[in-house]
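Keep the structure open beside you as you read.

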Amino acid sequence: MAVVPYAAGAAFLRDALVCEDHPLYDYLSNTAATDEGVSSSAPLFELSPLDHAGSVFACRDLHSSARIVCKFFSARSNLPAGEPLHLMDYEFRALTSVRSAGFEQAPFRVVRPLGKRESLGCLLAEEYIAGKDLDHFIALAAHFGGTEELMGKLDLLAHFFASLHGSTVRCRPHNFYRTCRDFRALVRSLSTVDGIPGDELSELRHLCDKWENRSEMWIDGSSLVHGDATPTNFIFDSPGSVTAIDFERSHIGDPTHDLGLLVAELKHHFALRIHQAVAAEPFISRFLRCYGSHAGLGEAGFRGLTFRSRFYMAMGELRIARNPWLPLGHRLWLICEACRCLRL
């Protein structure tokens with residue numbers, strides 16, 4: 001097998017087909033894919049990109065139709081030296097750890113890692129999950145009246161988050177300084193975008209300072225959070241079941257982090273798709289209430305959760321505003337919404 005050095009990146013991903021002389025062939029046919037139903041003695045794999053950056057691919061055997069997902073961290077051009085290897089190892093350990101904590105089977109699953117290989121562009125291989133992601137159900141609700149379908153999926157996802165957070169509680173305070181540091185980094189990244197007014201970014205910095213001094217943000221407990229609660233990272237592969245993917249940003253923190261990011265996504269999607277951000281409000285309210293119920297929060301605990309979620313919702317809106325393919329007007333609206341969330 002030809003070895004592709006980690007430092008060389010993943011240039012071999014330009015090929016659509018993985019044949020016997022391809023650097024990936026031996027790994028896919030003899031290692032990872034053996035667990036995924038590849039029955040052919042001479043499989044032929046087809047690579048299909050799953051993300052805009054061209055670093056995540058579905059690999060399908062054209063003979064058996066078996067699939068696996070391959071994430072090539074060294075294909076990301078924006079990562080500093082050494083970071084691809086770190087991310088590959090980190091996500092592999094995170095997936096393995098969370099699954100061992102009880103998330104191996106329905107109704108709440110975490111995707112199964114199949115293996116990793118530094119010499120193949122820092123490859124992390126995972127099982128392929130066939131199903132519809134949350135984005136599908138948001139579009140259904142926004143455009144075709146699929147309100148009940150989305151409500152049901154959000155109820156299931158709220159229960160998943162309550163289970164994930166509740167089973168990974170750590171008896172140590174959440175370090176909100178670190179969260180504020182990440183918030184300020186988001187603001188700095190937006191300061192380089194032409195057309196974004198500096199006065200609003202200055203207000204965000206000022207508001208962050210005020211939230212940093214709020215006692216409500218310094219909670220006593222912390223837990224594992226997914227860290228990237230976007231609609232495409234949650235797949236509904238069977239009735240009453242959800243599978244979470246993409247744990248490279250998981251960390252120990254405030255559980256409200258996940259909730260705030262998700263409700264920011266809901267508001268963003270309804271604003272972008274049908275220009276009615278207010279249409280997201282019933283879904284946001286239902287999701288937070290359902291989480292509070294499954295997490296066993298009393299009324300005081302729920303009030304604390306909704307208060308903290310404002311900060312993380314603002315973070316989510318700023319994260320989304322970084323995307324250069326969004327219209328500038330929508331990105332400006334997201335920044336204004338973040339300011340509105342944070343005004344005390």
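Start with charge: the protein chain has 35 positive and 41 negative charges, and their mean positions are 5 Å apart. Here Lys and Arg count as positive and Asp and Glu as negative, while His and the chain ends are not counted. Each charge is placed at NZ of Lys, CZ of Arg, CG of Asp or CD of Glu.

A quick word on ground rules. This is a predicted model, where local features need pLDDT of at least 70, side-chain atom pairs count only at pLDDT 80 or more, and totals for chains, interfaces and linings use all residues. Residues are numbered from 1 along each chain as its sequence is written, and side-chain values use heavy atoms, with hydrogens and water left out.

**The overall build**

Along its principal axes, the C-alpha atoms of the protein chain fill a box of roughly 65 × 45 × 45 Å. A compact globule of 344 residues would have a radius of gyration near 20 Å, and the protein chain agrees with that at 21 Å. (That radius is taken over C-alpha atoms, and the globule rule is 2.2 Å times the number of residues to the power 0.38.)

How much of the protein chain counts as buried? The share is 52% of the 344 residues, where buried means under 20% relative accessible area, exposed means over 50%, and partly exposed is in between (1.4 Å probe, protein chains only). The accessible surface comes to about 15,100 Å², and 51% of it belongs to carbon and sulfur atoms. Such areas come from the Shrake-Rupley method with a 1.4 Å probe, and for residues only the protein chains shown count as cover.

The protein chain has 10 helices and 12 strands. Both are DSSP runs numbered from the N terminus: helices are H or I with at least four residues, and strands are E with at least two. Strands of a sheet pair through backbone hydrogen bonds, either parallel or antiparallel. Two strands count as paired if DSSP finds at least two bridges between them.

Strand 3 (residues 56–61) has 5 of its 6 residues buried, so it is largely enclosed by the rest of the structure.

Another open sheet has 4 strands in the order 5-11-10-8, and its pairing is mixed. Its edge strands are strand 5 (108–110) and strand 8 (132–133), each pairing on one side only.

Here are some of the strand pairs:

| Strands | Direction | Bridges |
|---|---|---|
| Strand 1 and strand 2 | antiparallel | 2 bridges |
| Strand 2 and strand 3 | antiparallel | 5 bridges |
| Strand 3 and strand 4 | antiparallel | 5 bridges |
| Strand 5 and strand 11 | parallel | 3 bridges |

You can trace some bridges residue by residue. Val-18 has Phe-45 in strand 2 as its bridge partner, Leu-47 has Cys-59 in strand 3, and Ala-58 has Val-69 in strand 4. In the other sheet, the bridge partner of Val-110 is Ala-244 in strand 11.

Strand 2 and strand 3 form a hairpin with 6 residues between them, and Gly-54 in the turn has a positive phi of about 70°. The hairpin of strand 3 and strand 4 has 5 residues between the strands, and there Ser-65 takes a positive phi near 65°.

Most residues other than glycine have a negative phi, and most peptide bonds are trans. Now look at some exceptions.

Cys-122 has a positive phi near 50°. Cys-122 sits in the loop between strand 6 and strand 7 (123–127) and is buried, with a relative accessible area of 0%.

Asp-246 has a positive phi of about 65°. Asp-246 is in the loop between strand 11 and strand 12 (251–253), and at 17% relative accessibility Asp-246 counts as buried.

Which peptide bond is cis? The bond from Ala-106 to Pro-107 is, with omega near 10°. Pro-107 lies in the loop between helix 2 (83–100) and strand 5.

Last stop: Asp-228, in the loop between strand 9 (223–225) and strand 10 (234–238). Asp-228 counts as buried at 10% relative accessibility. Leaving aside neighbours within four places in sequence, its contacts are Asn-233, Asp-246, Arg-249, Leu-261 and Arg-319. Asp-228 and Arg-249 are 21 residues apart along the chain, with their C-alpha atoms separated by 6.2 Å.

Conventions:
Contact = heavy atoms within 4.5 Å.
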